Amino acid sequence: MNYNMEKDTTNIQAKGFKKSKNGTERKAVIRIKNVIKSFGDNHVLNGFNMVLYEGENLVVMGKSGSGKSVMIKCLVGLMAPDSGYIEVMGKEISTLNRQTLDELRSEIGFLFQGSALYDSMTVRENLEFPMRRHKEKLGFVQDTTPLVMEALENVGLAHTIDLMPEELSGGMKRRVALARTLILKPKIILYDEPTSGLDPITAKEIIELMRSIQRKYGTSSLIITHDVDCARVISERMILLVDGINYAEGTYAELSASRDPKVEAFFKK
Ligand SMILES: Nc1ncnc2c1ncn2[C@@H]1O[C@H](COP(=O)(O)OP(=O)(O)O)[C@@H](O)[C@H]1O
Ligand SMILES: [Mg+2]
């Protein structure tokens, strides 16, 4: 486990590669360095660092209001940090124009907190929405049905294609939202609190789906959560966001065995 005493721990991996267990090098798909973001006197991020490696499941855990959503919004260019460096798939976010940013976003699946579906659209129409928005990526698609069905089959909901969101349970809505995230076959998926507001059994189903998607497509996943169970099941590596910095990093086993009071606080039931 690494404690972030000097703040910029990512410099250790400055080249963006990391040796995995079998000795092969892993490529960084996201790099965040020293990101600072305040809202007036509210200093939310105070030099946050993070690297997401290709194909891994990284969990960033932080308590409510600690800046997890702010961090993820900075990452996709929905919010600009006050300072710091953010790179996604080799491109520095702050230097991109609208079009390039849009192209990059088509490679990133984003499951928003709450995962709102459009209530006035059927499941099919909800899934077609990102396809229309990112036409360039898919090229000309005459019949969207096979793509919509593939995405829905991945979440076990092919039979809901013609239903309206109001006809679905909370867990089903979340799964449809996940299918919508998958439809563009993103290389990176960002999950913001994927299990929040769900009962434990449904939460478990969502976590299982996230794992099966990662295995099937080799997606790199960043999972933002305050759910310890979710972190335990899905994470290969974890970063704890405390006081606006990457306070501690390690595996679930390493962090949950820590005697540091700020780390222990996460694992106390
Ligand atoms: N657009 C905004 N304007 C002002 N303050 C904001 C804005 N977005 C978030 N904040 C503040 O930043 C802090 C972190 O919020 P957030 O990232 O949503 O927390 P969480 O870790 O629960 O996702 C909170 O204090 C929140 O009030
Ligand atoms: Mg949040």
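Let me start with valine 59: setting aside neighbours within four places in sequence, valine 59 is in contact with Ile223, Thr225, Ala231, Ile234, Ser235 and Met238. Contact here means C-beta atoms, placed from the backbone, within 7 Å. This is a predicted model, where local features need pLDDT of at least 70, side-chain atom pairs count only at pLDDT 80 or more, and totals for chains, interfaces and linings use all residues. Residues are numbered from 1 along each chain as its sequence is written, and chains are lettered from A and ligands numbered from 1 in the order in which they are written.

Valine 59 sits in strand S5, residues 57-61; helices (H or I, at least four residues) and strands (E, at least two) are DSSP runs numbered from the N terminus. Is valine 59 buried or exposed? Valine 59 is buried, because 25 other C-beta atoms lie within 10 Å. The cut-offs are 20 or more for buried, 12 or fewer for exposed, and partly exposed in between, counting other C-beta atoms within 10 Å, placed from the backbone. Methionine 238 is 179 residues away from valine 59 in sequence, yet their C-alpha atoms are 4.7 Å apart.

Next, helix H5, residues 145-154. Val148, Ala151 and Leu152 of H5 are buried. Down the helix axis, the buried residues of H5 fall within an arc of 95°, so they line one face; the arc is that of the directions from the axis to the C-beta atoms. They pack against helix H3 (123-133) and helix H6 (170-182). On the other side of H5, Pro146 and Glu153 are exposed. Glycine 156 follows H5, with a positive phi near 70°.

Conventions. Two residues are in contact if their C-beta atoms, placed from the backbone, lie within 7 Å.
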